[in-house]
Amino acid sequence: MDELEFRRRIYADPETTDSDVVEAAKADGNKRSFWNEQKQLDKQLKQALKVDVPEDLASKLIWQQSTDEFNRYKRRSRWYLAMAASVAFAVGIGLTMWYHQPLSIGGQALAHMQYAEMESAHSLLPADLNMVNAKLASFGGSFSEMLDGVEVVNYCHLSTVRSLHLIVNTPQGKMSVFVVPERGDISVPSEFADEQYHGESIKMKHANVMIVGDKDADLSDMKKAVSERIQFSA
Amino acid sequence: MFGRNKSDSDQVLSDMKAKHQRYEALVKAFHADIYRYAFWLIKDQSIAEDVVQETFLRAWRSLDALNDEKAAKSWLITILRRENARRFERKQFDTVDIDDCHIQDDTQHADGELKDRELQRLLGGLSVEYREPLILQLIFGFSGEEIGNQLGLNKNTVMTRLFRARNQLKEALEKQDEQRGRVNG
C-alpha cells in the first residue's frame, strides 16, 4: 500500500480495522506514527465537538412532550365540547327562527278595529297634513295631499310592529288606514276579513298600507286615494 | 362489563406509561449527542436547540413507529435533518449564510482549551458537505456505510469526503503552526 492510499484510508477512518491498513502500518514505522498522530488528532476533535449542552435541555424535552400530550388531550375533549356547543347553537337558532317566523298582521289590524271604534282623538286638534306627515316621516313616507275626513292619527302596535293608524271618516263609513313599515319578519296578507270588517293591503316600496273598513264597504276609492297621495322616499 | 372496561383503561394507562418511559429513556440517552450534532450542523446554539426540541416532539408523536431501539439514533438524526431542512423552506428570507459567520466567539467557550477552540473554529470552517459526515463519524461513531445511508450517499463518496475533511483540517493546522512559528521565530 503506497503512502497516499494509506493516508487516504486513515483520514477517511482513523479507527479502521481493515487488515491491509493494519498490515501496512506494521511494516512501516512512518505509517505507524502517522496513524498515531491522526488518532491523537481525532481524540482532540472529539473533545472539541463536545460543546456544552444547555443544562435544562433534557427536562425541556420531557416537559414539552407532556404539554404536547396535554394539549392533544384538551383538543380531544374540546371535540365533545364543540359538539355540545353546536347542538345548543342549532337549538337556539331553531327556536329563534320559530319565534320570528313571519307574523301575519291582518288579524292584528282587524283586532285594532274593535277599539278604533271607541277611540277618540287623543288630540283635539284636527288632524292636518303636517301632523300626519310628521308622524309618517319616521317611516320615510309622506302624503302629498291630505286624505279627506281623517279623524285620528296615532301610532299603534300591530303585534310587535309599530305602525301608523289613521281613522278616516268616509261616505262608506269609518275606515282605518294602517301604514306598516316593511320588515322581513312580517307578512301582510293582501286581503283579510272577519265577521265585521274586511281589509285589503297595498304593497308599496318601503311599506305596506292596509285599509280596513266595514264588511260591506267598498275600499277601492280609499285604496286609490292612498296610493295616489302617499309616497316613500328611499 | 365494567370490569373489562377498567382493565382496558388500565391497559391504555400502562401503555401510556411505557411510552413515557421509552421517550424519557430516548431523551436521556441521545439528547446531548443530538444537540451537539445539531449545533455542528447549524452552528447556532439557539437554533440548534429549537431544532432539537422540534425533533424530539416529532419523535414523541411517532414513537410507536420506532420498533427497533438500535435504530433510534439514526431515526432521530433523520428527523432532525428533516426538521433542519424544513427550517430553510420556512424562512429562506431571513437566514444569513451561516458559513460566513464566526459563531465560535471567545465568550461562548471561554473555559475551553485553546486547542479546542482552535479546532472548533476549523471544524466550523469546513463546508457542510465535509463537516456533516465527519461529525456523524466522530459523535455517533457511524461507519462509512451508516453515514452513507443517513445522508443518501454511497460509501465511496462518504469516504472521500471524510478524507477531504481531515485533510483540510490538517492542512489548516499545519499552516497555523507555520505562521505561529514565523511570528514566534
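**Close-ups of chains A and B**

**View 1. Where chain A meets chain B.** In this predicted model, 22 residues of chain A are in contact with 30 residues of chain B (contact: C-beta atoms, placed from the backbone, within 7 Å). On the chain A side, α1 (3–12), α3 (29–49) and α4 (57–99) each give two or more residues, and α4(A) gives the most, with 8. Helices here are DSSP runs of H or I with at least four residues, strands are E runs of at least two, and both are numbered from the N terminus. Sorted by class, this side of chain A comes out as 12 nonpolar, 4 polar and 6 charged residues. Nonpolar covers Ala, Val, Leu, Ile, Met, Phe, Trp, Tyr, Cys and Pro; charged covers Asp, Glu, Lys and Arg; the others, Gly among them, are polar.

Some bookkeeping: residues are numbered from 1 along each chain as its sequence is written, with chains lettered from A and ligands numbered from 1 in the order in which they are written. Since the model is predicted, local features need pLDDT of at least 70 and side-chain atom pairs count only at pLDDT 80 or more, while totals for chains, interfaces and linings use all residues.

**View 2. The crossing of α3(A) and α5(B).** α3(A) packs against α5 (residues 128–140) of chain B at an angle of about 90°, with axes 10 Å apart. Axes are lines fitted to C-alpha atoms, for helices over the stretch in contact, and angles run from 0 to 180 degrees between N-to-C directions. The two helices are therefore roughly perpendicular (65 to 115 degrees). A:Leu45, A:Lys46 and A:Leu49 meet B:Ile135, B:Leu138 and B:Ile139 here; by class, that is 5 nonpolar, no polar and 1 charged.

**View 3. Around B:Ile34 in the largest nonpolar core.** This core has 46 residues, and B:Ile34, B:Tyr37 and B:Ala38 have the most contacts inside it. A nonpolar core is a set of buried Ala, Val, Leu, Ile, Met, Phe, Trp, Tyr and Cys residues joined through C-beta atoms within 7 Å; buried takes 20 or more other C-beta atoms within 10 Å of a residue's own. α1(B) supplies the largest share, 12 residues. Skipping neighbours within four places in sequence, B:Ile34 is in contact with B:Val52, B:Thr55, B:Leu76 and B:Leu80.

**View 4. Helix α3 of chain B.** α3(B) (residues 72–90) has 19 residues and reaches 27 Å from first C-alpha to last, close to the 27 Å expected at 1.5 Å a residue. Its buried residues include B:Trp75, B:Leu76 and B:Leu80.

Notes:
Contact = placed C-beta atoms within 7 Å. Expected span 1.5 Å × (residues − 1). Buried ≥ 20, exposed ≤ 12 C-beta atoms within 10 Å, placed from the backbone. Parallel < 35°, antiparallel > 145°, perpendicular 65-115°, else oblique.
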